[in-house]
Amino acid sequence: MAATIAGVFQPEVQNLIKESKVLLVGAGGIGCEVLKNLVLIGFSELDVIDMDTIEVSNLNRQFLFSKESVGKAKSHVAKNSVLKFNPNVNITSHLGDIMDTKYDMPFFNKFKLVINALDNKKARSHVNRMCLSCKIPLIESGTMGYNGQVEFIKKGVSMCYECNPRSEPKTYPMCTIRNTPKEAIHCIIWAKFLFNQLFGEIDEEVSMDERNDESEILSARNWAIQNDYNPKKLFKKIFYDDITYLLNMEHLYAGKNIKPVLLDESLLDQEHIRYSHVPDSEMLTLEQNISMFWDCITPIKEKWEKSTNKCLVWDKDDDLMMNFVVSCSNLRSAIFNIPFKTHFDIKSMAGNIIPAIATANAMIAGQIVIHALRILRGKFEKCQNVFLRSMPNHKGGVLVKDKCIQPPNPKCNVCSSDGEIILISDLNNFTLRQLEELVLKKKLNMVAPDVTMIDRVIISSDEDDELNMYDKTLAEVGMKHGSIFIAEDDIQNYKVRIMVHDKEKSGKEENVFEIINNTNDFHTANEHTNLPNPYENIENDEDDCVIEKAASPAGGTACDNNRDTRGEVNHVMVGKEDFVYIEVIEGVAEDIGIDEKTTEKISNEEVDAEEISNEEVDAEEISNEEVDAEEISKEEVDAEEIGNEEVDAEEIGNEEVDAEEISNEEVDAEEISNEEILAIKRKADEAVEDINDAKKSRID
């Protein structure tokens, strides 16, 4: 291994590699590459944890797995595979969820470094908090297609994972899914719910109850069982009878542009139409979708009868289950006049498939190990965030790094003690149960939250505490407009201060609460509504509650390296129990969550000589030349001396100018050198390209 070969590493680095214990969280696309790299370099103490088993769709990029591995635990198979490269490594593999309480602070404290190779925001947030609490360096990573990034996180040194707001998974009201779909994704979600209603664990009922011959009301599944899952009867019930029922509810579609249309009844008796020859990338006809629906029902029913507890779990890699969702979603699309989608498109959306490129994973994994070696040597200043670009920049670079370490956000709700959250809800209707499940666990990613208000515990994670207040509203437990309570999670060693804002819920509103991450966002949002301000009666302390919009979230230092400073409002509406949470990949990163980094504004237009003669030139905007802006702004540039005619930047570029005279005297066009003006123009063009064509992305 590399660490044992003389001359590859210095002796002290060799010892660090051999003695450092590293935790790798995730054994998927990036995780497999990282584990292989760590073993080949010579790390001797490794732990790898993953809760997933191997699927067929993993095999095209996760090279530690084979066809024989399908169905087995990723962490165990990955361990056995890399031991063939280096049998002297001590690897402990865990099949489990990193958010499980057994992976607590004593577990994390065993490691010198933690590496994240995860694919979801909730687990990332949890590991981030655990590492901050234990003061262990964390390397965060992610890829999407040809893009990716590697981020270094250490308490007090760099930004944490939650210093900047992350994109939220897209959500859809359940009434839209059931009654008024407008997009193909609504029909795809509906089809997955329908599968669970008929064959799996019922989470939402999207097909109506039916009466049998004895006038008994039966659920859709019981009705299907009574009719032996007859494909044609099921087709008539789901796509005719249920739609007729919706059409009878005229108020659902009053004043709306959307309304279902019954399919032609002749389709019930159509002949079977072949569809197996159609590629997944091509669209099926309505008749072919109907035939596909008929063909998949009986085989799925047979699987359901043989399954444990007669409960199937929908799997995107199961052809029959996939055909069910494809046919059902397209048939529903036909009823609501929504364009069809191909089998490939529906599988991508239904399976939340993020495009994955093996070479991108390998490049990011290589950069992770470079960061790991620097971190173990204590060279934190060299661990800038690194971004993988889909296209080379003006210098031909594909891997681009920040200029310096991004400092922590002083108002971060996780790594700073000054962070605060605003909770907006109807206090007379929002219950403690909703507060715990929807806000603290689902939105804030807590594991075992405790809530105290004025030294009084109102939510406890301790099962021995006999608190039975979950059905009480926030108002009933004493909260009012402007009240403040503390939510904390002992497992994550995480505490956050939450201020309550009372907003009466209108009858038509489905959203039951809103979260705003800081008071600056709250004031911005409040300008667009006429809501009372809970801060009106609180002493104004800007240092405690306000983040300047003009500054970056990290405090606006010179090292922010073009991080987005627009200060946009970041608040997310979240629904009640019948509000469905769906993570959808729509060509860009679950949410996927992409942060744009912009440079200082530089004009995309060519510089006209008359504009040069009439405007003060800022030294930083002229391609970072060392020019004193104040001296330039005080000097007069006479257009007549430029040549008494309209001269553009290219014409000026052909005349000689002494660069030192630009900052000290009036600009004489004849003195501008061709080489100097071309250099200025080239650097300006490079900066423009960095802005418009080379935006970096952070993948969640």
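Glu463 sits in the loop that runs between strand S14 (457-459) and strand S15 (484-489); helices (H or I, at least four residues) and strands (E, at least two) are DSSP runs, numbered from the N terminus. With a relative accessible area of 77%, Glu463 is exposed. Here buried means under 20% relative accessible area, exposed means over 50%, and partly exposed lies in between (1.4 Å probe, protein chains only).

Before going further, a word on the model: it is predicted, so local features need pLDDT of at least 70 and side-chain atom pairs count only at pLDDT 80 or more, while totals for chains, interfaces and linings use all residues. Residues are numbered from 1 along each chain as its sequence is written, and side-chain values use heavy atoms, with hydrogens and water left out.

Now step back to the protein chain. Its secondary structure comes to 22 helices and 19 strands, and buried residues make up 50% of its 700 residues. The accessible surface is about 34,200 Å², and 46% of that belongs to carbon and sulfur atoms; such areas come from the Shrake-Rupley method with a 1.4 Å probe, and for residues only the protein chains shown count as cover.

Phe336 counts as buried because its relative accessibility is 4%. Leaving aside neighbours within four places in sequence, Phe336 is in contact (heavy atoms within 4.5 Å) with Asn179, Pro181, Ile243, Leu246, Tyr253, Ile258, Lys259 and Pro260. Phe336 and Cys187 are 149 residues apart in sequence, and their C-alpha atoms are 9.3 Å apart in space.

Salt bridges come next: a search of the whole structure finds 13 of them, each being a side-chain nitrogen of Lys or Arg within 4 Å of a carboxyl oxygen of Asp or Glu. Asp241 pairs with Lys236, their closest N and O atoms being 3.1 Å apart. Asp241 is partly exposed at 28%, and Lys236 is partly exposed at 38%. Asp242 and Lys237 also form a salt bridge, at 3.1 Å from N to O, and both residues are buried. In the salt bridge of Arg497 with Glu420, the closest N and O atoms are 1.8 Å apart. That pair links distant parts of the chain, with Arg497 in strand S16 and Glu420 in strand S12 (residues 420-425), 77 residues apart. Arg497 is partly exposed at 33%, whereas Glu420 is buried at 7%. Asp228, Lys301 and Glu305 are linked in a network of salt bridges.

Finally, some backbone angles. Most residues other than glycine have a negative phi. Tyr229, in the loop between helix H8 (220-226) and helix H9 (231-248), has a positive phi near 50 degrees and is buried at 3%. Asn493, in the loop between S15 and strand S16 (494-502), has a positive phi near 55 degrees and is exposed at 51%.
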